Structures are given as C-alpha cells and as structure tokens.
Amino acid sequence: MAAHASSTPSPMAPVFCLSEVEVFQDLTPQEMADLAAHAPMRTAPAGTLLWSPHEPRPVLFIVKVGSVRIYRLSPEGRRLTLAVLGPGALFGEMELIGQRMGEGFAETLEPSVLCLMSEQDVRSMLLSDTRIATRMITGLGRRLAEVEQRLADTVLKTVPQRVAGVLCRLATAAPPETGLFPQRGPHIRLTHEQLAELVGTTRETATKLLGDFRATGLVGLRRGGIVVLDLEGLRAVAEHGEQSSAHGHAPLRH
C-alpha cells in the first residue's frame with residue numbers, strides 16, 4: 001500500500017513551493033496564491049512510496065525539494081529504475097496532459113517536498129493558462145527525449161559510457177549544496193544499486209566503475225550518494241569512453 005505523505009503546517013509554504021517550479025515562472029503573487037490554494041504541499045521522508053499501480057488515482061505530483069525515482073518490477077521482483085526526477089519535475093496519472101504511470105511505482109530517494117493537484121485543478125488552473133500549458137508540454141517533451149536517449153545508449157554505448165552519462169545528467173540537474181560544509185561538486189543521492197538499475201547493469205559492475213571514477217578523480221563517494229568532482233571528465237567518458245586529462249586519454253572499458 002502506498003504511504004501517504006504528511007502535511008506541512010506553514011500556510012505560506014505552498015506559495016513558496018510553487019514559486020520555484022519552472023512551469024509557474026512569471027506568475028503574479030495573486031496568481032501564485034490562487035494556485036497554491038489548490039496544490040497542497042506534502043513532505044515525505046526517504047523511501048516513501050508515493051504511487052503504486054495497485055492504488056491508481058488521478059493526481060499530478062510536482063517535485064519541489066528532493067528526488068523521486070520511477071521504477072517497475074520484473075516478474076521476478078527485480079526493480080528497474082526508469083527515471084530519477086528532481087525539483088521542478090512533474091509526474092503522476094493525469095490523462096489530460098499525457099502523464100501515465102502504468103505499471104510504474106514512484107518512491108522518494110531522499111526527504112522530499114511535493115505539491116499535489118487533482119484532475120479538476122489541472123484542467124481549470126493549469127491548462128487554461130497558456131504560459132503554464134506550454135511549459136508543461138516542453139517538460140514532457142524533454143522527458144521523452146531523455147528516455148529515447150537512454151534506450152539508444154543501451155544499444156550503442158558501453159557500460160562506463162552509460163554510467164558516466166547518467167551521472168552527468170543528474171549532476172546538471174542537482175541543486176547546489178548548502179550548509180556549513182558544502183560538497184566540492186554536485187551531490188547525487190543515489191545508491192550503487194539504484195545507479196545500476198538506471199543504466200541496466202549489475203550493482204557489482206556499477207560499484208567497480210565508481211571505484212575507477214574515484215581513482216581518476218572524476219567522483220567522490222560518500223554514504224548514500226556520489227559527488228561529481230570533474231563534470232567535463234565524466235562527459236569525455238560518456239561521449240568517447242575515455243577520460244581527458246593533462247596526461248592524455250585513459251580508456252575505460254567494461
């Protein structure tokens with residue numbers, strides 16, 4: 001049974017929640033307040049099951065803080081991660097805008113904040129505004145392009161290239177670290193097993209490759225996540241299967 005996220009107490013939080021989501025840019029404070037009244041904000045700890053095909057219901061989730069992974073289960077019970085969604089992403093079961101979960105599950109990878117909208121709210125408040133509708137269509141197109149790219153990569157690229165490519169995409173989308181001791185680069189909150197599921201390999205292979213990347217200074221490893229230290233180096237691996245450095249090219253083959 002899918003776990004229900006808990007409400008946050010602050011009455012001003014929904015407006016703040018929506019104000020930093022890409023599709024709601026350029027709205028006036030009053031327009032934002034009207035939307036917020038119909039988009040309750042929820043907080044969810046890591047590991048919360050937000051959506052299950054066993055409990056389908058029309059709802060649109062908007063990620064404000066944190067990250068959510070969309071996955072499916074094989075007949076043997078093995079998880080296949082289809083996507084990792086960060087702040088600004090939309091997902092859910094909403095036929096009006098072409099959002100379908102099908103047999104997919106949605107689970108928070110870390111403590112997250114999400115806004116929820118009903119089908120009626122989407123129809124009356126989102127699709128009626130051409131600014132929002134256009135950005136939603138653009139976002140859906142971007143998601144589709146990413147899925148097509150991953151399918152092509154599975155056929156045409158090596159495992160090191162696929163791992164490096166996924167890390168590049170997630171690092172680019174990751175919010176900047178805050179606090180007294182920020183990381184040296186983007187922090188991707190993903191376990192080795194989840195990364196393996198995302199690129200279609202084994203956990204052992206993903207762990208070995210991350211060790212290789214760490215040894216060459218591309219990433220740093222910490223509990224529950226990966227810190228990208230050399231984004232350009234990872235891009236070189238993703239594109240050419242080798243790491244660019246001052247000493248030439250170091251091929252990575254698996």
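**Exercise 1.** In what order do the 3 strands of the open sheet stand, and is the pairing parallel or antiparallel?

*Solution.* This is a predicted model, in which local features need pLDDT of at least 70 and side-chain atom pairs count only at pLDDT 80 or more, while totals for chains, interfaces and linings use all residues. Residues are numbered from 1 along each chain as its sequence is written, and side-chain values use heavy atoms, with hydrogens and water left out.

Step 1. Helices (H or I, at least four residues) and strands (E, at least two) are DSSP runs, numbered from the N terminus. Two strands pair if DSSP finds at least two bridges between them.

Step 2. The order is 10-12-11, and the pairing is antiparallel. Strand 10 (187–188) and strand 11 (219–222) are at the edges and have a single partner strand each, so one side of each lacks a neighbour in the sheet.

Step 3. Between strand 10 and strand 12 (residues 225–228) there are 2 bridges, in the antiparallel sense. His187 has Val227 of strand 12 as its bridge partner.

Step 4. Helix 7 (residues 203–215) lies across strand 11 and strand 12 and runs at about 125 degrees to strand 11. The angle is taken between N-to-C directions, from 0 to 180 degrees, with axes as lines fitted to C-alpha atoms, for helices over the stretch in contact; contact means heavy atoms within 4.5 Å.

**Exercise 2.** Why is helix 6 (residues 192–199) described as largely enclosed by the rest of the structure?

*Solution.* Step 1. Buried means under 20% relative accessible area, exposed over 50% and partly exposed in between (1.4 Å probe, protein chains only).

Step 2. In helix 6, 6 of the 8 residues are buried, so the helix is largely enclosed. They are Gln194, Leu195, Ala196, Glu197, Leu198 and Val199.

Step 3. The cover over these buried residues includes strand 5 (68–73), strand 6 (79–85), helix 4 (130–156), helix 5 (159–173), helix 7 and strand 12. After helix 6 comes Gly200, with a positive phi near 80 degrees.

**Exercise 3.** Which element gives the most to the lining of the second largest pocket?

*Solution.* Step 1. On a 1 Å grid over the protein atoms alone, a pocket is an open set of points where a 1.4 Å probe fits, with protein on both sides within 12 Å along at least five of seven lines; lining residues have an atom within 4 Å of a point.

Step 2. The volume of the second largest pocket is about 730 Å³, counted as the space filled by probe spheres set on the points, which are joined across faces, edges and corners. Of its 28 lining residues, Leu82, Ala83, Arg143, Val147 and Arg150 are the closest to the centre.

Step 3. Strand 5, strand 6, helix 4, helix 5 and helix 6 each give two or more residues to the lining. Helix 4 gives the most, with 8 residues.

**Exercise 4.** Is Glu110 buried or exposed, and what does Glu110 touch beyond residues up to four places away in sequence?

*Solution.* Step 1. Glu110 sits in the loop between strand 8 (105–108) and strand 9 (112–117).

Step 2. Its relative accessible area is 14%, so Glu110 is buried.

Step 3. The residues that Glu110 touches are Ala44, Pro45, Ala46, Gly66, Ser67 and Arg189.

**Exercise 5.** How many bridges join strand 4 to strand 9?

*Solution.* Step 1. There are 5 bridges, and the two strands run antiparallel. Phe61 stands opposite Leu116 in strand 9.

Step 2. Strand 4 (residues 59–65) also pairs with strand 7 (residues 90–93), antiparallel over 4 bridges; there Ile62 has Leu90 as bridge partner.
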